[in-house]
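Hi everyone, thanks for coming.

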Protein chains: 2
Amino acid sequence: MNNGRFSISLHILTLLEMLSNELLTSDYIAGSININPVLVRKEISNLKKHGLVESKEGKAGGYALAKPARQIRLSDVYQAVRQTPLLGTAKNSPNPSCVVGKQINKHLDALYADAEDVVVKKLGKTTLADFAKKFA
Amino acid sequence: MNNGRFSISLHILTLLEMLSNELLTSDYIAGSININPVLVRKEISNLKKHGLVESKEGKAGGYALAKPARQIRLSDVYQAVRQTPLLGTAKNSPNPSCVVGKQINKHLDALYADAEDVVVKKLGKTTLADFAKKFA
DNA sequence: CAAAACTGTAACAATAATTATTACAATAAA
DNA sequence: TTTATTGTAATAATTATTGTTACAGTTTTG
């Protein structure tokens, strides 16, 4: 699958929701996650592309959610971050002269799509607001 | 997530099922998948540990399924291969002096477990026999 | 029994993916 | 005009994955 990007994006979004009365800087966010601020900015750049976060440049700038947390489903976060199929991709190219090799990718793709579908449906049942509520 | 191991394991198992009247060598299997035979043996070593494959050493040796394909669920394959949480793991250690940082791992773990659960349930509905049937 | 064809596995090399860092231009506030 | 901040490119470092070589151990077969 992917990497730690889902965790990081969700961490960012949770912080933005919990402290939604102010703009948060990449430095502050990086301090909570304990990673490099540039990574936070890169990750947010992606979240902005997907309409989940907005930013203000310049002094006293920072980040905030682009819409109410109850309108952000965790599946939206997953899809914003998703790059490769959930169940992984082999980098081989199966032998086309073998019955199995010739067709396996087609069948794997279908299977992966189904699996991913149930995850997306599951994640779609929780909003960022629900998730953030757990942090007392 | 992981890598290409699920694909490779499923490819191996499908071959073993389709040609279940003979023992297949790692060389033959590697030729269909188009990877190194040693990788095949390593992967099978894991499948053996999980009771899905059995092997015979020596000349005229090779591999076969350890039980009927209809008794092997794709979720068994997934669990045999699974190493890291489906949705990825960040390698940071969140700041414990932050409300979010302190608790996020606990909540992420719960969320990941739920997501993984639905995938396992979904994969559990298909057996290796079902899957192999698709290869005319 | 000796040669041949295998599996099993360790050690290591190569490649690819991920994460971190540095640097600096652009923007906005004070 | 200084300061704080985002945006982004370039590159380095680290880690994960995949591939390779080598060889000991096992079994069949001539």
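Predicted model: local features only at pLDDT ≥ 70, side-chain atom pairs only at ≥ 80, totals over all residues.

Okay, the DNA. How many residues surround DNA strand C? There are 30, and the closest are G4(A), V38(A), G58(A), T25(B) and K59(B). Helix 3 of chain B gives the most, with 5 residues. If you sort the surface near DNA strand C by class, you find 13 polar, 9 charged and 8 nonpolar residues.

Now, the two chains themselves. Here 44 residues of chain A are in contact with 44 residues of chain B. On the chain A side, helix 1 (5–18), helix 2 (26–33) and helix 5 (99–123) each supply at least two residues. Helix 5 of chain A has the largest share of that side, 13 residues. By class, the side of chain A that touches chain B has 22 nonpolar, 17 polar and 5 charged residues.

Let's go inside. The largest nonpolar core has 71 residues. Which of them have the most contacts inside it? Those are I12, L13 and V77 of chain A, and I12, L13 and V77 of chain B. Take L13(A) as an example: leaving aside its neighbours within four places in sequence, L13(A) is in contact with L52(A), L65(A), I72(A), V77(A) and L128(A).

Over in chain B, find L108(B), which is in helix 5, residues 99–123. Why does L108(B) count as buried? Because L108(B) has 22 C-beta neighbours inside 10 Å, and the cut-off for buried is 20 or more. While you're there, look at L87(B): L87(B) and L108(B) are 21 residues apart along the chain, and their C-alpha atoms are separated by 9.5 Å.

Last stop, the hairpin in chain A. Strand 1 (residues 53–56) and strand 2 (residues 62–65) of chain A run antiparallel, joined by 4 bridges. One pair to look for is S55(A) with its bridge partner Y63(A) in strand 2. Between the two strands sit 5 residues, and in that turn G58(A) has a positive phi of about 80 degrees.

Terms used: Residues numbered from 1 in each chain as written. Chains lettered and ligands numbered in written order. Near = placed C-beta within 6 Å. Nonpolar A, V, L, I, M, F, W, Y, C, P; charged D, E, K, R; others polar. Contact = placed C-beta atoms within 7 Å. Core = buried A, V, L, I, M, F, W, Y, C linked by C-beta atoms within 7 Å. Buried ≥ 20, exposed ≤ 12 C-beta atoms within 10 Å, placed from the backbone. Pairing = 2+ DSSP bridges.
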